[in-house]
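Have the structure open beside you as you read.

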Amino acid sequence: MFEIAIIGSGPAGASAALFSAKAGKTTLLIDNDKSMTKRAWIENYYGIGEISGPDMVEMGKRQAERFGTKMIQEKATNIVKGEDGFIIETDNGKYEAKHVILATGALFDLAEHIGVKTKEATEPRIKTIVDVDIKGKTSIDGIWAAGTIAGVSVHAIITAGDGAKVAINVISELNGERYVDHDVLKAT
Ligand SMILES: Cc1cc2nc3c(=O)[nH]c(=O)nc-3n(C[C@H](O)[C@H](O)[C@H](O)COP(=O)(O)OP(=O)(O)OC[C@H]3O[C@@H](n4cnc5c(N)ncnc54)[C@H](O)[C@@H]3O)c2cc1C
């Protein structure tokens with residue numbers, strides 16, 4: 001049983017995973033390698049001069065892994081209610097998690113399949129998004145959404161920030177108090 005499972009390891013999902021794992025939550029990141037970010041060349045990410053999409057996605061995954069995220073390359077096909085959370089079914093197995101964050105980018109088939117409330121997108125070239133509240137909660141308690149699938153502006157820095165935001169909200173709910181992740185510069 002993982003505390004937080006994230007579907008999708010683009011900027012939104014990997015960012016959520018690194019916050020979750022760094023907060024000490026058992027974290028599962030499931031991805032089937034169809035990130036739109038892998039087609040991008042990025043020059044508008046604050047603090048980074050320029051980077052290829054594939055390099056950004058790879059670095060994001062490694063950063064999440066460094067803090068203890070378990071990564072699996074599989075397609076999530078269904079999410080059903082379990083005894084104390086959810087069972088995520090993939091093309092290769094089943095995994096249990098207390099909370100699930102959907103970070104599936106422009107792909108909305110899983111969201112539609114599991115029956116979370118969706119709506120028409122407003123961003124260019126995005127068709128359907130998950131209806132979320134300000135915290136990233138979907139219509140199913142315990143299932144959250146972040147990044148492009150949650151309707152934010154389709155830019156890497158914004159989707160990554162949204163993934164972090166939603167993870168912080170899930171962590172805070174698990175902890176029962178607001179969570180911040182601040183490391184302090186060591187004195188030299
Ligand atoms: C050609 C192009 C150029 C771009 N250029 C820029 C740019 O210059 N600057 C900029 O800021 N942004 C750019 N973007 C936009 C940027 O890529 C997105 O805004 C953002 O990175 C999307 O992040 P995401 O995590 O929401 O989605 P994605 O990066 O698409 O990640 C979603 C992940 O979910 C996975 N997934 C989906 N469904 C499932 C499932 N059922 N099971 C398992 N895994 C699943 C996919 O495999 C994928 O890895 C560009 C996009 C494109 C297409």
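## Two helices side by side

H1 and H2 are roughly parallel to each other, because angles under 35 degrees count as roughly parallel. Helices here are DSSP runs of H or I with at least four residues, and strands are runs of E with at least two, numbered from the N terminus. The axes of H1 (residues 11–22) and H2 (residues 53–66) cross at roughly 20° and come within 8 Å. Such axes are lines fitted to C-alpha atoms over the stretch in contact, with angles from 0 to 180 degrees between N-to-C directions.

The crossing of H1 and H2 is left-handed (the near helix is turned anticlockwise from the far one by less than a right angle; clockwise would be right-handed). From H1, the contact uses Pro11, Ala14, Ser15, Ala17, Leu18 and Ala21, and from H2, Met56, Gly60, Lys61, Gln63 and Ala64. Residues are in contact if their C-beta atoms, placed from the backbone, lie within 7 Å. This contact has 7 nonpolar, 3 polar and 1 charged residues (Ala, Val, Leu, Ile, Met, Phe, Trp, Tyr, Cys and Pro count as nonpolar; Asp, Glu, Lys and Arg as charged; the others, Gly among them, as polar).

## About the model

This is a predicted model, in which local features need pLDDT of at least 70 and side-chain atom pairs count only at pLDDT 80 or more, while totals for chains, interfaces and linings use all residues. Residues are numbered from 1 along each chain as its sequence is written.

## H1 and another partner

The contact of H1 with H4 divides into 11 nonpolar, 5 polar and 1 charged residues.

Conventions. Parallel < 35°, antiparallel > 145°, perpendicular 65-115°, else oblique. Contact = placed C-beta atoms within 7 Å.
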